[in-house]
Amino acid sequence: MASHSDTLVVFFGATAGANGGKLGSDEREIILLVWQIVDLHEKKVGKLQRCLVKPDTLELTDQCKEETGLTLDEVVKAEPLDKVLQQFQQSVSSELKCLGRSTYTLCVNSPLVIRQALHPEASKKNLVLPECFFSFVDVRKEFHKCCPNAGPCFKHMLPVRVNLFTTEKTEHCFGTSGSNNAFNDAILFLFLDHKFSSVETVKYKFDSGTCSKTEPVDSETVIRARGLPWQSSDQDIARFFKGLSIAKGGVALCLNAQGRRNGEALVRFVNSEHRDLALERHKHHMGSRYIEVYKATGEEFLKIAGGTSNEVAQFLSKENQVIIRMRGLPFTATPQEVLSFLGPESPVTDGAEGLLFVKYPDGRPTGDAFVLFSCEEYAQNALKKHKQILGKRYIELFRSTAAEVQQVLNRYMSTPLISTLPPSPIVSTRDCVRLRGLPYTAGIEDILEFMGEHTVDIKPHGVHMVLNQQGRPSGDAFIQMKSSDKAFMVAQKCHKKTMKDRYVEVFQCSTEEMSIVLMGGTLNRSGLSPPPCKLPSYAAFPTPPAILSEAALYQPPLLAAPRPPQTTTHSPAHTLAYYPPHPHLYMNMNMNYTAYYPSPPVSPSTVSYFAAPPGAVAAAVAAQPHPAAAASPVLPQHGALVRMQGLPYNTGVKDILSFFQGYQVEGLCCCCSCVCGCGCGCGWVWVCV
């Protein structure tokens, strides 16, 4: 439409809720549309057209009733929005034909009716709006430009706005009775002599793109959306903000530490005006979920969406492409295998060039890949392959965005596998090895067989299986060797050897790294994270193993030192059983490794794993004299820390105290709240005895 024509269509609307400056902020539906044609050549206005609209939710607020004078009975008899929009097109086309005109300019006294009411509602109802609603002139802005000192009359803008909510006829000339002549002159000047300086537009679709970390981003243009469905894409978010102009590549989905979407996104708009309108959509709905909208900063946006990788820039250089993320690919998957998996019904743009495999800094695959498709149809066909099998693994497929590609690549390429520990005066000894990729059914015997001739170089009680939070094997294990040289040799000779049809990776690591994991910390792609449990001062984490003696580091798996006898009122049936130190409890290379290699799930390497013996054995041991026990206790200090795992979820404090009957329990720390933070009853507990 031309920036200035002889014919204007002045357009207004009202919703079932807030109107005026808050129009559209409460997500209420449109109930009234009013329009009128203005013939600038003849200096006349056409007939005032007024149509009621029937909303899906038949409810009017008191404010709406007061401002519009409408009742619910009137609205119920009206036509739905799609029918009223058809009437609008037919009416305008008919009047233009009578005037001998073919084009017109849509004018509004506020962009809210277009941006905050009409477009969002049409998007939710899957209505296709006429082309005229994608460009318009904001008469308030134009009037303010030509008459900056207009003062209070600025609020009233157009004389033709009088009696919009009534059925009375307006005068078919500029001005109405009682209008100020000076004001009418200003309106005439605006319409007849003033060229519209800017025609505002509404984007038909969101433009994806990339963002450089060096690109300046104004903090007044960025918002954070929270509560998004995990499967939502950038197009879904753009649809939520329909009517507002999002900058190219301005949607950045946020990921959690595991690389999965966390339900948040940062959105960058073209200017602060559109950002302010976006904030008015706080707690509007996307499907059945309400979305929270808050202010954010340009720095936050660049942290998520910014990138410097040339590989990513080249991959995303093809415009108007639909991006799909694949997760869970076999590490040995080739581009041809991925193309075959997607099939001929989902042709990838430029074949293998349309695939981007995500890798670690050392070149190892992560199991993630991004795929480009030239149209929505091909992408939909690909998404039908969700959770189908490639090799021996099922593959997950999701819609993705350019910002997510940047974020995933940044995450994997910018951080080492095991992060550097904080500086410490203690010299780290790399006398351990980490085994990764173990079969989940692998046991101690399998690890010893895998180690082969290097088994003799394992320290006593030096095999530690790492379990996940559910108590299942994680596929990782740590082994303590007798020296750094032995650990280096194992890493060189056993790396990528096969165990039960799987190759196992072997890396040399330090005792500190191993201890952090075994103390309950995590070893993920972002590095080592310390244990999240904040224990009391008397139950602090033990001193790093590097400064402890070997005897203190690798204690036998049973409690070797009795506590002083405690006065108890329990019956004789609950006689305390002590476990004295015996020389045969210390492992030697001819013993059964399965029985004497303790593998407590993520258990501290500096604290023994105390197991409770059967009642008969406990009573028998308690009856034996142990003269040497008090002379050489293994744990002489007070406040020894014990970790229990595998407790029934309904275990109470009384059950734990009964389990440690006869010992002086100084404190308990239940990990259902302090370790996993979810309060879900994980079956872990710390006990200070």
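Tutor: Helices (H or I, at least four residues) and strands (E, at least two) are DSSP runs, numbered from the N terminus. The model is predicted: local features need pLDDT of at least 70, side-chain atom pairs count only at pLDDT 80 or more, and totals for chains, interfaces and linings use all residues.

Student: Between which two strands does the loop with Asp 501 lie?

Tutor: Asp 501 is not a glycine, yet has a positive phi of about 70°. Most residues other than glycine have a negative phi. The loop that holds Asp 501 runs between strand 23 (497-499) and strand 24 (502-509).

Student: Is Asn 126 buried or exposed?

Tutor: Asn 126 has a positive phi near 55° and lies in the loop between helix 4 (112-124) and strand 6 (135-138). By relative accessible area, buried means under 20%, exposed over 50%, and partly exposed in between (1.4 Å probe, protein chains only). Because its relative accessibility is 58%, Asn 126 counts as exposed.

Student: What is the angle between the planes of Trp 35 and Phe 88?

Tutor: Rings of Phe, Tyr and Trp (its six-membered ring) pair if their centres lie within 6.5 Å; planes under 30 degrees apart count as stacked, over 60 as edge-to-face and the rest as tilted. Trp 35, in strand 2 (residues 30-39), and Phe 88, in helix 3 (residues 81-99), are 53 residues apart, and both are buried. Their edge-to-face pair has centres 5.1 Å apart and an angle between the planes of 85°.

Student: Which residues form one aromatic cluster with Trp 35 and Phe 88?

Tutor: A search of the whole structure finds 8 aromatic pairs. Alongside Trp 35 and Phe 88, the cluster contains Phe 11 and Phe 133.

Conventions: Residues are numbered from 1 along each chain as its sequence is written. Side-chain values use heavy atoms; hydrogens and water are left out.
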